[in-house]
Structure formats: structure tokens, C-alpha cells
Amino acid sequence: MTEIPEHLLKRAQAAREKAAAESGASEAAAAAPAGGASDEAAADPRIPAHLLERSKARKAQSESSGGGGVAVQEKVASVVTAAPAGGGVPVGAGPGGHTQRLLTVVKSGSIQDVKASPVDKVHTWPHLLAAEFVAALACLSFTFFFSIFVNAPLLEEANINKTPNPSKAPWYFLGLQELLTMFHPMVAGVTIPGVGLVALILAPYIDKNPSNKPEDRKFATSLMTVHLMFWAVLVIIGSFFRGPGFNFTLPWRDGIFFEL
Amino acid sequence: MAKILDDTPKPTVKDRLNKALDDVQGSQAWSSIFRPGSIFRKGYTDSPRNRSYVIMNSVLYHLHPVKVKRHAVKVSYTLCLGGLSFFLFILLTVTGIFLMFFYRPTDVQAWNDISNLQTSVTFGLLVRNMHRWGAHLMVLSVFLHMARVFYHGAYKPPREFNWVIGVVLLMLTLLLSFTGYLLPWDQLALWAVTVGTNMMGYSPVIGTQVRFVLLGGKEIGGDTLLRWYVLHVLMLPFVIVIFMAIHFWRVRKDGGISGPL
């Protein structure tokens, strides 16, 4: 047989003693007459005074506005008080003849720790999937029709001995190529993009501001916009404003030297 | 002899069609394919329970939760950019596999193969166009996705690491595009890659070595083509799929997409 821990035995012993004491008390209470219930209820010590006050105030308010009533202690007492059938206490009735008792008032958060507030959610199907499907279809049809009308470039076969003028990198690297015209290759090709990339990766660890509200993030937003615009402008210049010898040209004057 | 009169009306075409549909949808094969709750299953009705089952009982459950935040389905919030980047990746995979059937990565054959693909293969030109434009679109959409995420402050805790993965994905996308740029082996490809890899050579200490390994020699040639072909069709897609899986998984583990603002 399992050994029952000592502290549990002690606790059980204490509970038994308490129960014995209480049963003695309740026998004494049962001997008392059940009359005068509403008087007793008005001063019922089991219901905290401030709750009674609040419920009374609500009742007065709802009566003046004619709205639905709130069950108030007094009313309950007058309605529920059972007429003593044979002078004795009805079966199942509590002290004062109440069939219901307020046992305890549990404040929210005292037992359950509510961590997450409920979030307004919708079903993925159909709300999200339908949107994704339409977006994918639109993207596919755009690519499809664009491909019907515009052909991908295919110049003559690669020839290592024939350098085209100008020679340009793919468009997303044209910002770098543009930088090469301004700085030492070490700076333009390594330092600037390297710092940019590292800053981009570390952005969440550098930006300690916890808010995601645009009005709280004016500095971060400005910095990113300047960063993005920096590269966008360089790419546009490199793509459209650079001609033979990678010299500056105007696309409307000299034409476009750019293949996608 | 009395004629037995059959009073039941002759089934109309519509009735027959409905019955045929019911028979197909009620068959064992059909219900073995579509799990309970599938919209294609017999007797699907639009109920909250079935809406949950559509996701929970399908392979989509690997990607999407049953419910998402209400603001998350607003197109104006995400502009679908992340999803479109993924869709473009799939489109590029499909068109890319088609192109692989007609392409040999050697300096003698590559350009001719592409040229033949455009002129003699059914839909060859169209598929090549879609592959090329889709690739440019993907670079653009990944880039715009990054800007969107930044402006929404969506990289903040607990999503910091997913941002880092996202930057890696952007780099991988650029590398995929760049390696694919060489494959047509025309003047555009050769010289764009020459310029690009020359920039790489400026990196300190390891620059020349990295360039040598990537080019398979001191200059771009047939070896480079093979190397970049393998990178483009096998290694980089493999790596990017792994990072994408982690990226999507983290989106859900970090509590869905960010916001609302």
C-alpha cells in the first residue's frame, strides 16, 4: 500500500475537525426560525457592501430608464424566499430561505491569468485563399501576356574578344557599377554595399523602438527611404543615363543603352 | 393484355448530369482523394466547421493556419508581395524545368540551343520570355516585400530573425537571377557577368580566390557556364527552398503576419 504523506494526513485531519465544528454550528442555525429573511438579506454580510451598492445603483438607473432589470439582492430575497411549508426549512433551501446563495465573488484575473486578448480572426478559406488565388492568377496572366508581346533579348553569341560599348551589369547591380565611377573599387564594390548589407541584416537589432506605428518611427522610416532612394536613383542613372564608355547621356537625346 | 403504365417522368438531361456528378463524387476513388471538408467532396456545405476543415484536412495546413487575423487578409496591408514572390518562384521553377530540356551548358552549344528553342520548339520563345520576365519580376517583388516589411515595422520582436532570413532570401534571389543571366551565352550575358564578377574581385583578401572559384578559371568560359548552370538549376534553388521553408514556418511561429498598425 502506498504511504500517505504526512502533510496530507495532517490536512485531512484538520478538514475533518473543521467539518465537525461547522456541522455543530449549522445545526444551531437550523434551529433558528426562517422568518425575517428580507431584513437579514439587506444586511447580509456575505455579499460585500460595495457590490450591493453597485447593484442597487444599477437597479435605480435601469428603473428610471425603464430598461431591463438587473437581479438585485433585495428582489431575489423577496421572490425566492420560500413560504415555509410546514414551518420548517424547505429541502435544499439555504439560510434565510434562499434557494441560491452568493458563495464568492471572483475577480477577473484572480484565478485565470488571461495572457492573450482575443484577436479578431477570419477563416483562411475562403478569405485569404481566394485573395491569394486571384493575386497569383493576375500575376500569371500579366507575365503571360507580357511575354507574348515582349521578347527576351538574345544578342549575338558571346565573343570574349569583342567588348560591347557600354558593358553593363544586370540592372540590380547597376547601382554598384555606378558607384564604381565615383569611388575607388574597394570602396564602391565592397565597403559601401557591405556596410549597407550588414546594416540591413542588423536592422531589427539596432532599432530598439518597440512601436510599429508610422508616427513613432519617423527616423527609421526616413533613413530607410533615403537608403532605398539612394540605390533606386543610382540604378536609374546607371540604366538610362549611361552610354558608350559609361559616360553620362540623356536618354531622350542619345537613346537608351540598356538591355533587360 | 394490359399495358403497364410507367408514370414516372423520363429523367431530364439535368437530372442525369446531377446523378452522374453524384456518382463520381460518391465513389470510393473520389472520396479517397479528397479528404473530409474538401470543397470538392460530395455534399460540401459552407459552414464554419467545413471552412476549418478545408485547411486543416489539406496539404495547405503546412502553409496556412485555419484562421488568420482579419487585418492580415487585407490586400492593402501586404500587397500580396511575399505570396507573389513565392508564386513567381514556382512559376520560374516550372518554366525553368521546361527550358532545361532544350539546353546544354557548354560554350559551343548554349547559344545555339537557346536560338533553336526560340525558333523551333513549340512555345519555346514564350516560355523563355516568361522565365526571363518572371525572374525580373521576382527580384522586384522580393525587394518591394522587404520595403513593405520595413515600413510596417514588421521586423521587430519576435520577428527579428525572420527578417535576417528574409535578407538572405533577397541575396539568394539576386544570385539566382545573376547566375541565370549568363546561361543564354550571348554578348549581353557574357559582358554583364564580366562586369559583375569584376566587382566581386575587388573584395579584400579573398576577392581573387572567390572570383577564381566562381568562374572556374581566370576568365569566363565554358567552365564558368557549367558551374553557373549547376548553381542556377540545382544548388541555389535547393538552398533557397530551405530558407523559404524556415521563413514561412517562422511567420506562423511568430504569430502570423505583423500588425495591425
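Reader: At what angle do α5(A) and α5(B) pack, and is their arrangement parallel, perpendicular or oblique?
Author: In this predicted model, helix α5 (residues 81-100) of chain B packs against α5(A) at an angle of about 50°, and their axes are 10 Å apart. Angles under 35 degrees would count as roughly parallel and those from 65 to 115 as roughly perpendicular. The angle therefore makes α5(A), relative to α5(B), oblique.

Reader: Which residues of α5(B) take part in the contact with α5(A), and how many residues of that contact are nonpolar?
Author: From α5(A), the residues Glu132(A), Ala135(A), Ala136(A), Cys139(A), Leu140(A) and Thr143(A) meet Gly83(B), Leu84(B), Phe87(B), Leu88(B) and Leu91(B) in α5(B).

Reader: Which element gives the largest share of the side of chain A that touches chain B?
Author: The contact as a whole draws 69 residues from chain B and 61 residues from chain A. On the chain A side, the elements that give two or more residues are β1 (121-123), α6 (174-180), α7 (185-206), α8 (218-240) and α5 (124-149). The largest share, 15 residues, comes from α5(A).

How values were computed: Residues numbered from 1 in each chain as written. Chains lettered and ligands numbered in written order. Predicted model: local features only at pLDDT ≥ 70, side-chain atom pairs only at ≥ 80, totals over all residues. Contact = placed C-beta atoms within 7 Å. Helix = DSSP H or I, 4+ residues; strand = E, 2+ residues; numbered from the N terminus. Axes fitted to C-alpha atoms, helices over the stretch in contact; angles between N-to-C directions. Parallel < 35°, antiparallel > 145°, perpendicular 65-115°, else oblique.
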